[in-house]
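User: Hello! I would like a close look at one part of this structure, the charged side chains that pair up with each other.

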2 protein chains.
Amino acid sequence: MSDFDYKQLDDIIHSRIRLAIMALLVSVDSANFVYIREKVKASDGNLSVHIRKLENVKYVSSNKKFVDRKPVTTYKITLLGHKAFETYINRLSNLLDK
Amino acid sequence: MSDFDYKQLDDIIHSRIRLAIMALLVSVDSANFVYIREKVKASDGNLSVHIRKLENVKYVSSNKKFVDRKPVTTYKITLLGHKAFETYINRLSNLLDK
DNA sequence: AATTTGTACTTTAATTTATAAAGTACTTTA
DNA sequence: TAAAGTACTTTATAAATTAAAGTACAAATT
């Protein structure tokens with residue numbers, strides 16, 4: 001491959017908000033909903049929808065528990081997610097550095 | 001800035017197909033419709049719609065003429081497009097290399 | 001010479017995606 | 001106890017993407 005074919009980029013990852021979520025998650029081991037929402041500057045609804053998409057394809061896993069009687073959802077990137085992200089970055093850079 | 005805010009990425013450029021078009025155009029001085037379509041592996045309709053979007057915001061300019069009695073449209077990246085692309089790349093890399 | 005096939009696109013319509021708004025199930029504060 | 005959060009989820013609308021159909025030819029075939 002190694003050309004300008006735009007379909008080589010994983011479109012689950014490519015969306016701006018999901019790319020930001022993934023970039024954050026690879027840099028951080030684990031993060032909860034509120035933390036991600038603030039870093040990524042997303043609305044509640046948006047974050048919920050998009051992180052769910054990442055969960056559906058198993059790029060991200062979540063853990064729900066209660067802390068001080070309040071719900072807290074913690075997210076982690078999975079091994080699959082890590083690999084997909086790496087592949088994405090590789091293809092992106094070889095698309096961009098011509 | 002310099003954080004994970006996903007809105008920092010120019011969404012006109014960010015779309016997969018438009019990103020590929022821009023990446024191609026910055027590397028090539030000028031290119032015609034068919035050439036771009038093949039490199040980017042887009043359908044006619046898709047390319048037409050998306051390159052038009054890039055034209056509308058003046059990131060790309062076009063020149064239409066006839067070669068051997070057939071229409072040929074040649075595209076070039078503009079100065080504005082060049083700047084926008086550079087900014088996009090900068091923000092992208094600082095989003096990604098954490 | 002008429003029909004078919006092909007080229008270089010553009011337009012329209014349908015599907016998908018993204019976003020914002022509203023809703024749920026609480027907890028905390030006044 | 002009523003109002004104002006918190007941590008999300010769901011739903012509805014708007015926007016973007018894609019595929020299919022259309023236009024205006026040229027070239028090749030019958």
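Does B:Arg16 count as buried or exposed?

Analyst: Happy to. B:Arg16 counts as buried, because its relative accessibility is 18% and buried means under 20% relative accessible area, with exposed being over 50% and partly exposed in between (1.4 Å probe, protein chains only).

A word on the ground rules. This is a predicted model, in which local features need pLDDT of at least 70 and side-chain atom pairs count only at pLDDT 80 or more, while totals for chains, interfaces and linings use all residues. Residues are numbered from 1 along each chain as its sequence is written, chains are lettered from A and ligands numbered from 1 in the order in which they are written, and side-chain values use heavy atoms, leaving out hydrogens and water.

Now to the partner of B:Arg16. A:Asp11 forms a salt bridge with B:Arg16, with 3.9 Å between the closest N and O atoms; the term stands for a side-chain nitrogen of Lys or Arg within 4 Å of a carboxyl oxygen of Asp or Glu. This pair crosses between chains, from helix α1 (residues 11-14) of chain A, which holds A:Asp11, to helix α2 (residues 16-26) of chain B, which holds B:Arg16. Helices here are DSSP runs (H or I, at least four residues), as are strands (E, at least two), numbered from the N terminus.

Within chain A, the side chains of A:Lys76 and A:Asp29 meet in a salt bridge at 3.3 Å, N to O. This pair links distant parts of the chain, 47 residues apart: A:Lys76 sits in strand β3 (residues 70-77), and A:Asp29 in the loop between α2 (16-26) and β1 (31-32). A:Lys76 is partly exposed at 37% relative accessibility, whereas A:Asp29 is exposed at 54%.

In chain B, B:Asp44 and B:Arg37 are joined by a salt bridge of 2.8 Å, N to O. Both ends are partly exposed, B:Asp44 at 44% relative accessibility and B:Arg37 at 23%. Over in chain A, salt bridges link A:Arg37, A:Glu38 and A:Asp44 in a network. Over all chains, the whole structure holds 10 salt bridges.

Finally, the two chains themselves. A rotation of 180° with 0.0 Å of shift along its axis superposes chain A on chain B, with an RMSD of 0.0 Å, fitted by least squares on the C-alpha atoms of residues with pLDDT of at least 70 in both. That is the relation of a two-fold axis. The same surface serves both copies, as 100% of the contact residues of chain A recur in chain B, contact meaning heavy atoms within 4.5 Å.
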